[in-house]
Each structure stands twice: as C-alpha cells, then as structure tokens.
Amino acid sequence: MELVDRFLAAVVAPDPGALADCYAERVVIEMPFAVPGLMPARLETTREELRAHFRAGTAVRRYTDVANVRVHAGADGSTVVVEYDVHGLMHATGERFVLRFAMVMTLEAGLIAHTRDYTDPIAGARVLGRLPELVAALTG
C-alpha cells in the first residue's frame with residue numbers, strides 16, 4: 001500500500017501541505033461523527049484547498065508521530081481502511097495530545113478521491129480548545 005505509507009509519512013512531514021499530494025484534484029471528505037455547527041459532515045473540495053487547510057493547521061499544532069497503524073484492504077481493490085493514532089504538540093501550550101482515527105479511503109488512479117473519517121469529536125474539540133463550542137452545538 002504505497003499510497004497509505006506516503007499518506008502516513010505526510011501526516012507528520014515538515015510541510016503538512018504535502019499531505020494534499022495524496023489526494024485527487026477533487027475530493028469528497030465525509031465525517032459521520034461531525035457535530036453540526038462545529039464541523040461539516042461532508043466537504044467537497046480541491047487538492048489545493050486541502051493544502052491550504054493542512055498548512056493553516058500548523059499555526060496551532062504540529063503532528064509528531066503516527067502510531068498503532070492498521071491497514072485493511074477492501075476486496076474491490078479501491079477501498080482501504082486505515083486505523084491510526086496521531087501524536088502531536090500544541091504550539092501555544094506545549095501540551096501533547098493523541099487523536100485516534102479510522103479512515104475509509106476510496107482510491108482512484110493512485111490517489112485518495114473520497115474518505116469517510118471517523119474520529120472522536122470530543123477529543124478533537126478538547127485538543128483545539130473548542131470544547132465550549134462543541135457543548136453549545138450539542139445543547140443548542
């Protein structure tokens with residue numbers, strides 16, 4: 001799974017914008033556990049918009065390691081499920097964190113064309129200091 005290896009290496013690369021090179025020119029990202037009002041459940045975007053988004057994230061945090069990787073290849077040859085933990089560091093506080101992911105990737109021409117990203121929205125909001133927004137969105 002060359003693309004998966006490249007993807008995981010790019011997650012912690014010095015230039016996180018390089019992660020966008022793993023994606024097709026147009027991509028759909030679905031986040032079934034997204035909290036309405038805090039994150040979109042579906043995003044249709046371009047590789048270059050992703051590149052800008054990934055780079056912007058480095059203003060607040062840096063991913064330092066990927067661990068506990070499990071890769072499951074689908075029988076159709078175009079679907080891959082990747083489970084992994086991302087270790088990181090918040091710039092403002094120096095706080096270390098771990099986020100766990102399960103990502104279902106649909107590949108086309110050797111690039112990621114569609115994903116379904118499953119992660120814990122509470123853990124993500126806590127790391128980003130957005131827990132009050134999450135609570136407000138849920139209790140709205």
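Is Tyr 118 buried, exposed or partly exposed? In this predicted model, Tyr 118 has a relative accessible area of 27% and is therefore partly exposed, since buried would require a value under 20% and exposed a value over 50%. By the same cut-offs, Phe 33 is also partly exposed, its relative accessible area being 48%.

Because Phe 33 sits in the loop between strand S1 (23-30) and S2, while Tyr 118 belongs to strand S6 (residues 111-119), the pair ties together parts that are 85 residues apart in sequence.

A second pair has another geometry: the rings of Tyr 84 and Phe 101 have centres 5.2 Å apart and planes at 15 degrees, so they are stacked. This pair, too, links distant parts of the chain, with Tyr 84 in strand S4 (residues 79-90) and Phe 101 in strand S5 (residues 96-108), 17 residues apart. Tyr 84 is buried, because its relative accessible area is 4%, and together with Phe 7, Tyr 23, Phe 54 and Phe 101 it forms one aromatic cluster.

The side chain of Thr 45 makes a polar contact of 2.6 Å with the side chain of Glu 49. When residues up to four places away in sequence are left out, Thr 45 touches Glu 25, Arg 26, Val 27 and Leu 50.

Turning to the whole, the protein chain has 4 helices and 6 strands, which follow one another from the N terminus in the order α-β-β-α-β-β-β-β-α-α. For 140 residues a compact globule would have a radius of gyration near 14 Å, and the 15 Å of the protein chain agrees with that expectation; its C-alpha atoms fill a box of roughly 40 × 30 × 30 Å along the principal axes. Buried residues make up 39% of the 140 residues, and among the contacts with a separation of 6 or more, 50% join residues 24 or more positions apart. The accessible surface comes to about 7900 Å², with 57% of it belonging to carbon and sulfur atoms.

Definitions and conventions:
Residues are numbered from 1 along each chain as its sequence is written. This is a predicted model: local features need pLDDT of at least 70, side-chain atom pairs count only at pLDDT 80 or more; totals for chains, interfaces and linings use all residues. Side-chain values use heavy atoms; hydrogens and water are left out. A polar contact is a pair of N or O atoms within 3.5 Å; within protein, one must be able to donate a hydrogen and the other to accept it, and residues adjacent in sequence count only if both atoms are side-chain atoms. Contact means heavy atoms within 4.5 Å. Helices (H or I, at least four residues) and strands (E, at least two) are DSSP runs, numbered from the N terminus. Buried means under 20% relative accessible area, exposed over 50%, partly exposed in between (1.4 Å probe, protein chains only). Rings of Phe, Tyr and Trp (its six-membered ring) pair if their centres lie within 6.5 Å; planes under 30 degrees apart count as stacked, over 60 as edge-to-face and the rest as tilted. The radius of gyration is taken over C-alpha atoms; the globule rule is 2.2 Å times the number of residues to the power 0.38. Accessible areas come from the Shrake-Rupley method with a 1.4 Å probe; for residues, only the protein chains shown count as cover.
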